[in-house]
2 protein chains.
Amino acid sequence: MARRGLLLILSSPSGAGKSTLARRLMDWDPTLKFSVSATTRNPRPGEEDGVHYHFRDHDTFRAMVAEGQMLEHAEVFGNYYGSPRGPVEQAMREGRDTLFDVDWQGGQQIRNSALGQDVVSVFILPPSIAELERRLRGRGQDSEEVIAGRMAKSQAEISHWAEYDYVLVNHDIDQAARELITIVEAERLRRARQPALVDFVRGLDTEFAALN
Amino acid sequence: MARRGLLLILSSPSGAGKSTLARRLMDWDPTLKFSVSATTRNPRPGEEDGVHYHFRDHDTFRAMVAEGQMLEHAEVFGNYYGSPRGPVEQAMREGRDTLFDVDWQGGQQIRNSALGQDVVSVFILPPSIAELERRLRGRGQDSEEVIAGRMAKSQAEISHWAEYDYVLVNHDIDQAARELITIVEAERLRRARQPALVDFVRGLDTEFAALN
């Protein structure tokens with residue numbers, strides 16, 4: 001039956017496994033639409049425009065915001081980040097779900113947008129801060145200063161955990177992935193996401209009427 | 001982590017597979033507490049007091065209602081049915097979920113009770129009315145009049161499908177059972193049902209503080 005697409009917001013501090021979980025979810029259901037953020041920051045090595053981010057200059061980004069093309073946007077460390085509205089609305093028309101990898105500010109704005117009723121939000125917590133730091137250092141490509149900055153941002157991000165519908169603690173990536181998939185499967189079964197049920201029940205009523 | 005128990009309300013017209021699904025759910029998680037209804041109707045062959053129902057006379061039942069011992073109650077075909085409050089509150093204290101096999105009136109009353117915020121409600125629809133009638137007749141122990149009465153009650157029950165959080169169409173009992181289990185698994189991951197997360201996040205904050 002045709003469904004009403006949902007907006008799945010995934011937030012977590014950097015290093016809690018969010019990107020891996022997003023990838024696992026996309027592997028499980030390739031019809032999920034990943035919301036590619038727009039940003040004014042420079043591409044890092046290996047990042048492709050339109051795949052990892054839509055890379056835009058400041059003027060273009062501001063114009064998009066002014067024209068209402070952004071579902072949400074925020075400034076982080078002097079750069080703008082935002083979620084373009086068009087692809088999300090198209091996915092919803094097609095009955096497809098959209099996955100957002102955004103921070104608490106992005107999550108808050110999407111929840112407070114006109115599409116707020118379609119939001120399901122999930123926060124991923126690390127099992128410990130020691131483990132979080134280990135994962136952040138594991139990338140081995142950043143200075144102490146950058147790591148200290150990320151840890152401070154992680155603490156701020158975690159402080160918003162209670163704004164989310166669901167909370168997973170990523171003790172084990174396989175279990176966390178299963179839990180995330182379970183949440184999406186269940187949310188798809190919500191009455192409000194199955195508009196075709198209205199016609200289905202009307203059909204049952206017609207059958208009843210034919211009996212009498 | 002200790003959870004806050006939920007109240008799972010399962011409703012459907014007679015013959016849509018609700019009892020089988022309830023049993024499957026109990027097999028999957030034997031810690032689920034099944035809410036045994038109290039009733040004033042006479043036991044059918046094979047029904048045991050305290051297992052299938054708490055069989056009570058009218059005076060006793062009315063006294064229980066008057067003393068606030070019933071979470072909900074209703075009159076159906078001249079008999080009273082109701083859900084005793086005590087076992088539900090005990091299950092919640094133990095962090096266990098309670099399963100209610102009730103009709104729309106019972107569901108409505110539990111949702112509107114003081115425990116309403118802990119309710120998750122699921123409605124089971126039959127794939128067709130022809131199939132519903134086939135299953136009702138399959139029992140082969142009832143008169144045409146009784147079957148006609150049940151079909152009329154089924155139609156009334158189905159008219160309340162839109163009051164439920166989740167709706168399953170029972171095309172296939174195995175799939176419907178999997179879907180029901182998925183709903184319970186996901187609902188247990190809701191932030192509001194994991195009060196222990198407050199202490200867990202406090203622990204993360206302490207770890208952060210120790211870093212600075």
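In which handedness of crossing does helix 6 of chain A pass helix 8 of chain B? In this predicted model, where local features need pLDDT of at least 70, side-chain atom pairs count only at pLDDT 80 or more, and totals for chains, interfaces and linings use all residues, the crossing is left-handed, a term for a near helix turned anticlockwise from the far one by less than a right angle. Residues are numbered from 1 along each chain as its sequence is written, chains are lettered from A in the order in which they are written, and side-chain values use heavy atoms, with hydrogens and water left out.

Helix 6 (residues 144-158) of chain A packs against helix 8 (residues 197-211) of chain B at about 155°, with the axes 11 Å apart, and the two helices are therefore roughly antiparallel, the class for angles over 145 degrees. Here helices are DSSP runs (H or I, at least four residues) numbered from the N terminus, and axes are lines fitted to C-alpha atoms over the stretch in contact, with angles from 0 to 180 degrees between N-to-C directions. The contact (heavy atoms within 4.5 Å) involves A:Met151, A:Ser154, A:Gln155 and A:Ile158 on one side, and B:Val201, B:Leu204, B:Asp205, B:Phe208 and B:Leu211 on the other.

Notes
Parallel < 35°, antiparallel > 145°, perpendicular 65-115°, else oblique.
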